[in-house]
Amino acid sequence: MASGIKDKVVILGMGCSKFGERWDASPSDLMVEAFEECIQDAGIEREQIEAAWFGAGIDAFNVGSSAMPLAIALRLNYIPVTKVENMCATGTEAFRGAVYAVASGACDIALALGVEKLKDTGYGGLPQRTRGLENDMYWPNLSAPGAFAQLASGYRAKHHLNRDDLKRAMAHVSVKSHANGVKNPKAHLQREISEEQAIGAPYIAEPIGLFDCCGVSDGSACAIVTTPELARSLGKQDLVSVKALQLAVSNGTESSHDSWDGSYLKTTRIASQRAYDEAGIGKPREEITMTEVHDCFSITELVTMEDLQLADEGKGVNAVLDGNFDAEGSNPCQIDGGLKCFGHPIGASGLRMIYENYLQLQGRAGARQLDSPRMGLNHNLGGFPHQNICSISIVGPLN
Amino acid sequence: MSGIRAYGAYIPRARLAKQAMVEANAWFDASLKSLGKGERAMCNWDEDSITMAVEAGRDCLQALGELAPSALYLASTTLPFLDRQNSVVVAEALNLTPGLRSMDVTGSQRAGSSALISLLERSWQGDDFGLLVASEHRRSKAGSRSEMLWGDGAAALAIGDDELIAELLGVETLAVDFVDHYRGEESEFNYDWEERWVRDEGFMKSVPAAVNRLLERCDSSSDLIKHFILPTEQARTPAAVAKRLGIDPAAVVDNQLTTVGVVGAAQSILLLIKALETASPGELVLLLGFGQGVDALLLRATERINDFKAVRGLSGSLARRREEQNYNKFLSFNNLVQRDVGKRGEVDKQTYLSGYNRRKDLLTGFLGGKCRECGTEQIPREKYCVNPDCQALDSQDKHSFANKTGTVATWTADRLTFDWNPPAYFGMVQFDGGGKLMMDFTEVEEGKLDSGSRVSVHFRVRQFDSQRGFRKYFWKAIPLEQASAEGEA
């Protein structure tokens, strides 16, 4: 019987670049920016890193294929480096690789780094790209907002919601994240917006408007992980450990079988329950202090709150409007500003989320610091509501 | 005795108001004002001669109770492929047997009537029958009279020797290289000669010559003709020819210049359907095709004509319409203006033919699977059954979803992605009887689609690969009724 990942691996250091329209920076520049902060935080030498996992999402507009871009950018010492790509869960996948390597005993210190350069496409939004030779022949030419707008229509139909009420709750999700982002110097978007602005913004994909969409930006984030024993021997205190690391990947049931109605994210429900079990969490609403979830679109965050059991099914609108996920609420969400304000450089996002929880748990989150946080949950969702990859990681103080 | 067993038709929903065309172009050619009445049928961006042929063919086959023809001839002068048999694409979209006799008949405005003659002259027995589909999507120069007078559409006939609604009495043909217009292999558009000359030296001479020989051969006379079909965009010519032949002017079948427009090589077949929709048993129909000569056919409606029930037919196709006032859309959809499609429209659209060939059942036939173990219907058909409680290997029989209806589970109107007619509507369709698919919608009217809307599926153009001259087809959902999305709970 597997014992799970809980408390087997700790975070030795983390780094995160400034996110934004980084016209000045190449992918290598972004990697180095995140890495330099990370290795200084870890307090080790580059030569002590024994293996690395490199997350990058969209090869064509980023660094190209293979793990070499990371090895070259950081001048790694001919160590094993693995390139991972799993859509929007890519950053967390890199983290998972490094954590599992340390947990297995194959190495003591491992690096995970994610990077994405989205602003070299020449247009707004995520790059238009192939979905594979066969899928391209019959899939709708759906944009990311078009894909997640499906969730809004499915959710609204299932719960017989008034469109305006849902739109107002979606607006609140974005207003809250913008309010948080103002306090984060590394966020791409650092300004408040009003509910009226969000509701009145131009439509991108009905009912998703401009302010229901996360930003599009360049960025990189990085983690160095090790064993608790080694971290202590390096003199580290207030250790943050990995409590759970789960992944659920759609197998076609949602997209082709009648059992799924389009109103929720099946993978999130499965991965989060597994993660709660792995971390020994029985009452998520009481035990999860903060969440960084995949708010690619406001509706995704709203539905995710239900799928994570942080709101009752069909009651996400009320929970959002009651302020449960605001900075002062019962379960603050996107305290760093989320994808909404950081944008979503695909390979980096998962690690950027963990970075925020890491800072919060160490009391280093500055103006946005929460009072005595305990458990932080990170959620990535790659793909489309009907076919996706969900990653969940939970971090907390090492017991 | 051979003849017509059934018919089907398809007219694109969009009907472009001719007044809008006049307003856009009369500054250049004031004579267009005289053509400003009514409307013309206009293909959506995702329709062409193949997709319309599939629609007309389905309409005809459904009227026959899904019997399968042993031959399919596709007549058109605007086939999307010059070297790839278009009729076989239509046949596969209709899920017809590969043992089919098929061919494209093209190169003349007589293509429809000549293909009809050819099928009528084949020997049929019992249930065996041939399907003729004539379909046309003609391009014409912006601001031309042709643009005002032509229309897009398709017509289908089932031709056999049994259970006939109209029987053939005789055929006469005339092959004369009279060049009223032409389109060379390097030309995009037709080039034509003066109307009056075409009327006097073409129609008025060759049609009477062919008709008189036909009537003599059939031992019939012109005063017995109840339906006189002469396809032409010349408004007064059919009546003038009828008069010269001694045919009752009331017998002239209207060329629909102010409702559909002249549908090229499909016009004679479409007008035959128009005649059959009103014909009584025993009535004679004289059908002509004109182009480098004349085809002349004499048909007689049988007793069965009273019992025949078209599924949609021409009258049903005419009734199902959507008014279009935007002439710019017409220009865009017909590639008559270089529209800025944005960077998202620049993505390479190559079709990988070997991969396409593996998925042809799905892409062209819209075939999914039905599991022999658990009965679950699913699309696409993969190796393992999708039912989580089954997941049997290689357990699915091919199962057509083309004639299924379904319900919209999720949807959106996407303004970010590239589409020739934004916003792009797509969503998850839950099919009746099981199976679901995320698919494109088309023909959606703004504000009239929601979860719960009922849809049917239709063969349409999915993408143009302008770099390589290819086009991809797939099936799209169309709301059965454009139900109001107002009054949400």
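Two strands count as paired here if DSSP finds at least two bridges between them. Keep that in mind for the first view, and remember throughout that this is a predicted model.

View 1. Zoom in on β2 (residues 14-17) of chain B: three bridges join β2(B) to β3(B), and the two run antiparallel. If you want a pair of residues to look for, B:R15 stands opposite B:A41 in β3(B).

View 2. Step back and you can pick out twelve helices and 22 strands in chain B. How compact is chain B for a globular protein of its length? Its radius of gyration is 23 Å, close to the 23 Å that the globule rule gives for 489 residues, so chain B is as compact as a globular protein of that length. Along the principal axes, its C-alpha atoms fill a box of roughly 75 × 60 × 45 Å. Buried residues account for 52% of the 489 in chain B. Take the contacts in chain B with a separation of 6 or more: 73% of them join residues 24 or more positions apart. The mean pLDDT of chain B is 96, with 98% of its residues reaching 70 or more. Over residues 483-489 of chain B, though, the pLDDT is below 50, and this stretch has eleven contacts in the model beyond near neighbours in sequence.

View 3. In chain A, the bond from A:E206 to A:P207 is cis, with omega near 0°. You'll find A:P207 in the loop between β5 (203-205) and β6 (208-209) of chain A. Over in chain B, the bond from B:P422 to B:P423 is cis too, again with omega near 0°. The loop that holds B:P423 runs between β18 (405-414) and β19 (424-431) of chain B.

**View 4. Two loop residues with positive phi.** Which value does phi take at A:Q309? It is near 70°, which is positive, and this residue isn't a glycine. A:Q309 sits in the loop between α12 (298-307) and α13 (316-321) of chain A, and is partly exposed, with 17 other C-beta atoms within 10 Å. For B:N335, also not a glycine, phi is near 60°. Its loop lies between α10 (327-333) and α11 (353-358) of chain B. B:N335 is partly exposed, with 14 other C-beta atoms within 10 Å.

**View 5. Where chain A meets chain B.** Here 36 residues of chain A are in contact with 40 residues of chain B. On the chain A side, the elements giving two or more residues are α4 (135-138), α5 (144-158), β5 and α9 (253-256). The largest share, seven residues, comes from α5(A). Sorted by class, this side of chain A has 13 nonpolar, 18 polar and five charged residues.

Technical notes:
Residues numbered from 1 in each chain as written. Chains lettered and ligands numbered in written order. Predicted model: local features only at pLDDT ≥ 70, side-chain atom pairs only at ≥ 80, totals over all residues. pLDDT = per-residue confidence, 0-100. Contact = placed C-beta atoms within 7 Å. Helix = DSSP H or I, 4+ residues; strand = E, 2+ residues; numbered from the N terminus. Rg over C-alpha atoms; globule rule 2.2 N^0.38 Å. Buried ≥ 20, exposed ≤ 12 C-beta atoms within 10 Å, placed from the backbone. Nonpolar A, V, L, I, M, F, W, Y, C, P; charged D, E, K, R; others polar.
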